[in-house]
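Dear colleague,

Please find below the structure that I am handing over to you, together with its sequence. My findings follow directly after it.

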Amino acid sequence: MDPNRVNVPAMAPQALERALTLPAIVYSDPSWFEWELGHVLGRHWQLAGHMGQLPRPQSFASVQVNRKSVLLTRDGHDQVRAFHNVCRHRGGPLVLEHGCGKTLQCKYHGWTYDLTGQCKKAGEMREAEDFDPSQMKLFELPCAVWHELIFVASSTPPPFEEWLGGMADLLKPNPLPMPYVRTVSYEVACNWKVYVENYLEGYHLPFVHPGLNQLLSYNQYKTQLFRWYSHQSSPIQSDLYGDGQAHYIFMYPNMMLNILPNRLQSNLVIPLSPTTCRVVFDYYTHQTSVLDRDIAFSDEVQGEDIHICERVQQGLMSGAYQAGRISPSQEKGVWHFQELIRAAWDAHVTS
Ligand code: FES
Ligand SMILES: [Fe+2]
């Protein structure tokens, strides 16, 4: 990305009370998008899956993380690891879907590896000089498991404990982990940051979500900022979910945890192109009897968000809009996210 293509004042750090939004170009420019994949998504923890995909010792599964095929394994001692799903021989795939067993066999020429990534057998290689399969390991990635959720990073992310700093206290009253029950996903015709920023404020609740707004308390809606995540919360009163507290946690750069009484929903915002993204909702709950109603109501709210996000994308691409102002009381979560993007950009242009 050529630094001269973005408006430099809008990319400098912004005080909340004076903040401008990010410039419109970063919501549709193809070279900016490629920069983000490498420097924002590629340098942070990404939700890769959940333990339901590795249901017993010696399970393995292939997943996509930031447009790369990643292999997750759970060995006989329940240690979870992540690897590039790439054979050390000529780059073939080890796993196409999921399975169970002590070894993985490459789909191309049959080299085998154990679940720690160690090459165990490489056929027809006797005449290869200075070749020792015991020196061959799959390319391992940083991996962490937290409340049954599996996180992977493709380069050097912040330490996992730092990334989550303070969240354990925040979530203490909630019965986590909960069992995985279902996935629903949506394609949205907007840049991934439009979707994230929409999530990061309750300002639009009365205008976009009349139904949800009746369950939450706009006046008691609060946003707290942490180093790598933000936390929105509100009391909730609902026949469907029960009465309690709704938590909306955004974990930079592209994941959310929505916790309502007795139910957890993770959202992963996957950039597909500069102007499209996919949002994957995984549901976790003990109370499966209300799952269909929960999904139907979430679907209604999601439809409202998709509609407004797609219109915002069109507005950002209208050529008329350059950047706007932020509400310090209602949009500090948006500001926090945009400041993290600005810091990533600053680190890039000053390195
Ligand atoms: S690429 Fe894996 S065995 Fe050849
Ligand atoms: Fe919304």
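The donor residues of the iron ion (ligand 2) follow the spacing H-x4-H-x95-D in sequence. In this predicted model, the protein donors are His204 (NE2), His209 (NE2), Asp305 (OD) and Asp305 (OD), at 2.1 to 2.7 Å from the ion. Donors here are N, O and S atoms within 2.8 Å of the metal (3.2 Å for Na, K and Ca), and sites may look incomplete because water is not among the atoms. The angles among the four donor atoms run from 52 to 154 degrees, and the site is irregular. For that label, four donors count as tetrahedral if all angles lie between 85 and 135 degrees; four count as square planar and six as octahedral if opposite donors are over 155 degrees apart and all others between 65 and 115; anything else is irregular.

His204 lies in the loop between helix H5 (192-199) and helix H6 (205-208), whereas Asp305 belongs to helix H8 (residues 291-316), so the pair ties together parts that are 101 residues apart in sequence. Helices (H or I, at least four residues) and strands (E, at least two) are DSSP runs, numbered from the N terminus. His204 is buried at 12% relative accessibility, and Asp305 is buried at 10%. Buried means under 20% relative accessible area, exposed over 50%, and partly exposed in between (1.4 Å probe, protein chains only).

As to conventions, residues are numbered from 1 along each chain as its sequence is written, and chains are lettered from A and ligands numbered from 1 in the order in which they are written. Local features need pLDDT of at least 70, side-chain atom pairs count only at pLDDT 80 or more, and totals for chains, interfaces and linings use all residues, while side-chain values use heavy atoms, with hydrogens and water left out.

The protein chain divides into domain 1 (3-43 + 173-350) and domain 2 (46-156), with bounds that come from an automatic or database domain assignment. Their C-alpha centres are 32 Å apart. Contact (heavy atoms within 4.5 Å) links 19 residues of domain 1 with 13 residues of domain 2. The two domains bury about 1,400 Å² between them, 59% of it on carbon and sulfur atoms; buried area is the accessible area (1.4 Å probe) that two parts lose on being put together, summed over both.

Gln14, in the loop between helix H1 (8-11) and helix H2 (30-39), is buried with a relative accessible area of 11%. Beyond residues up to four places away in sequence, Gln14 touches Pro9, Ala19, Leu20, Trp335, Glu339 and Arg342. The C-alpha atoms of Gln14 and Arg342 are 9.1 Å apart, although 328 residues separate the two along the chain. In H9, the buried residues include Trp335, Glu339 and Arg342.

Val70 lies in strand S3 (residues 68-74) and is buried at 2% relative accessibility. Val70 and Phe83 are 13 residues apart in sequence and 5.7 Å apart in space, C-alpha to C-alpha.

Some backbone features also deserve mention. Most residues other than glycine have a negative phi, and most peptide bonds are trans. A cis peptide bond joins Tyr252 and Pro253, with omega about 10 degrees. Gln58 has a positive phi of about 70 degrees and is partly exposed at 26% relative accessible area. Asp78 likewise has a positive phi of about 70 degrees, and is partly exposed at 41%.

With kind regards
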